[in-house]
Amino acid sequence: MLPSERTCPFTPDLPICRLLNGLWQVSGGHGRIDPAAAVDDMLRYHDAGFTTWDLADHYGPAEDFIGQFRRRLVARSGPQALDQMQAFTKWVPSPGPMTRQVVEQAVDVSRRRMETETLDLLQFHWWDYRDGRYLDALEHLAALRAAGKLRHLGLTNFDTQRLEIMLQRSLPIVSNQVQYSLVDRRPEVAMAPFCQEHGVVLFTYGTLLGGLLSERFLGRPEPGSRELTTSSLRKYKQMIDAWGGWALFQELLQAADQIARRHEVSIANVAVRAILDRPAVAGVIVGARLGLAEHLADNARVFSVRLDAEDWARLDAVQAKSRDLFRVIGDCGDEYRR
Ligand SMILES: NC(=O)c1ccc[n+]([C@@H]2O[C@H](COP(=O)([O-])OP(=O)(O)OC[C@H]3O[C@@H](n4cnc5c(N)ncnc54)[C@H](OP(=O)(O)O)[C@@H]3O)[C@@H](O)[C@H]2O)c1
């Protein structure tokens with residue numbers, strides 16, 4: 001069983017670990033992943049209480065790993081053990097007609113790969129708002145939910161305006177997955193207040209900036225492409241550049257380090273805790289390079305720290321010097337719009 005401070009009832013029927021394991025890191029671009037070692041590691045994460053997984057149809061073998069992991073769990077602990085894990089996948093379709101057949105086929109592929117009758121949460125992505133067929137897809141997904149093929153319907157990288165349209169149509173959206181960190185605080189402008197008002201929750205990614213928000217980069221000169229060894233590090237270094245650059249980021253790391261020392265935790269713990277406590281946030285996703293690198297013991301400390309007003313004053317003082325990313329990029333997910 002999970003210690004209670006780690007869990008939250010994401011929905012009344014589905015408790016989750018609020019620190020989710022992200023599986024983009026097994027899809028390539030993050031080092032060579034050995035499938036057997038990866039699935040072994042999944043059991044260790046699960047046993048350590050990190051029972052909730054975030055993945056996608058296009059994250060390489062991630063959905064297959066969930067299938068293998070589920071089988072291993074049943075072989076070891078019996079079928080009831082499956083009730084203790086949750087796997088949230090995504091569907092990221094290429095543009096095209098969104099008929100019932102197209103949508104159902106995609107859902108069935110994920111169900112088959114993940115070896116489950118019912119997907120816990122399907123998070124839907126769309127590339128181009130000028131193409132209104134995202135609403136067709138969501139209507140079909142809602143019907144498939146009613147038919148029992150998915151338990152919950154969520155989104156990823158949608159903006160506030162589109163979320164409002166969906167809720168006006170009574171689409172049963174429970175969550176939106178967005179980039180949210182001490183550098184990228186765009187969700188605070190419109191998305192989080194709207195979600196809070198309408199009972200939708202946020203799952204966040206990029207909260208550790210691929211590992212940039214840690215002691216490893218404190219006091220270090222600006223990293224070049226040689227040191228940015230994963231797709232994730234490269235992605236979020238660009239975000240830092242847009243936000244205010246490396247010198248300002250060092251100020252943020254120093255502020256986070258002071259807070260971390262004050263609470264006897266790590267910079268990563270401060271970065272995750274800060275976002276976990278923001279309004280509407282149900283969980284923070286932390287990428288897991290299964291079989292290659294592991295931070296289980298450190299990340300478990302997130303649940304024993306709380307930031308206070310003094311800590312937030314330090315963080316906000318740095319944020320006040322940065323560019324306004326909502327103005328520079330736009331609302332949540334606008335960086336993905338074609
Ligand atoms: N919806 C979307 O569009 C979208 C986009 C991106 C990501 N995601 C989701 O979010 C997940 C997270 O990925 P991300 O790219 O945003 O990466 P991230 O979570 O910001 O960073 C993950 C990296 O942080 C480092 N790390 C983890 N815990 C640490 C600790 N306690 N101390 C120091 N370093 C630590 C690890 O680096 P090392 O492995 O090098 O040690 C890890 O690989 C993905 O797997 C995916 O599920 C979703």
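In this predicted model, 31 residues surround the ligand, with Gln 25, Asp 54, Ser 232, Arg 289 and His 295 the closest; a residue belongs to this shell if one of its heavy atoms lies within 4 Å of the ligand. Residues are numbered from 1 along each chain as its sequence is written, and side-chain values use heavy atoms, with hydrogens and water left out. Because the model is predicted, local features need pLDDT of at least 70 and side-chain atom pairs count only at pLDDT 80 or more, whereas totals for chains, interfaces and linings use all residues.

By class, the shell around the ligand comprises twelve nonpolar, 14 polar and five charged residues. Here Ala, Val, Leu, Ile, Met, Phe, Trp, Tyr, Cys and Pro count as nonpolar, Asp, Glu, Lys and Arg as charged, and the others, Gly among them, as polar. Three elements, helix H7 (231-243), strand S10 (281-287) and helix H10 (296-300), each supply at least two residues of the shell. The largest share, three residues, comes from S10. Helices (H or I, at least four residues) and strands (E, at least two) are DSSP runs, numbered from the N terminus.

A polar side-chain atom of Asp 298 lies 2.7 Å from a nitrogen atom of the ligand. An N or O atom in the side chain of Tyr 336 is 3.2 Å from a ligand oxygen atom, and a polar backbone atom of Gly 22 is 3.3 Å from an oxygen atom of the ligand. Taken alone, the ligand exposes 910 Å², and the protein buries 92% of that. These accessible areas come from the Shrake-Rupley method with a 1.4 Å probe; for residues, only the protein chains shown count as cover.

The ligand sits in the largest pocket. A molecule sits in a pocket if more than half of its atoms lie within 2 Å of its grid points.

Attention now turns to individual residues of the fold. Gln 179 lies in strand S8 (residues 173-179) and is buried, with a relative accessible area of 3%; buried means under 20%, exposed over 50% and partly exposed in between (1.4 Å probe, protein chains only). The side chain of Gln 179 is joined to that of Glu 335 by a polar contact of 3.4 Å. A polar contact is a pair of N or O atoms within 3.5 Å; within protein, one must be able to donate a hydrogen and the other to accept it, and residues adjacent in sequence count only if both atoms are side-chain atoms.

Arg 337, in the segment after helix H12 (325-328), also counts as buried, at 18% relative accessibility. Arg 337 and Tyr 129 are 208 residues apart in sequence, yet their C-alpha atoms are 7.7 Å apart in space. Gln 86, found in strand S5 (residues 86-91), counts as buried because its relative accessibility is 3%. A separation of 36 Å lies between the C-alpha atoms of Gln 86 and Ser 225, which are 139 residues apart along the chain.

Most residues other than glycine have a negative phi. Ser 170, in the loop between helix H5 (160-168) and S8, has a positive phi near 60 degrees and is exposed, with a relative accessible area of 62%. Ala 280, in the loop between helix H9 (267-276) and S10, has a positive phi near 75 degrees, but Ala 280 is buried, at 16% relative accessible area.

Two aspartates complete the survey. Asp 83 is placed in the loop between helix H2 (62-77) and S5 and counts as exposed, at 61% relative accessibility. Asp 57, in the loop between strand S4 (52-54) and H2, counts as partly exposed at 23%. The C-alpha atoms of Asp 57 and Asn 21 are separated by 16 Å, and the two residues are 36 residues apart along the chain.

Key
1 Å grid on protein atoms, 1.4 Å probe; cavity = no way out; pocket = protein on both sides within 12 Å on 5 of 7 lines; lining within 4 Å.
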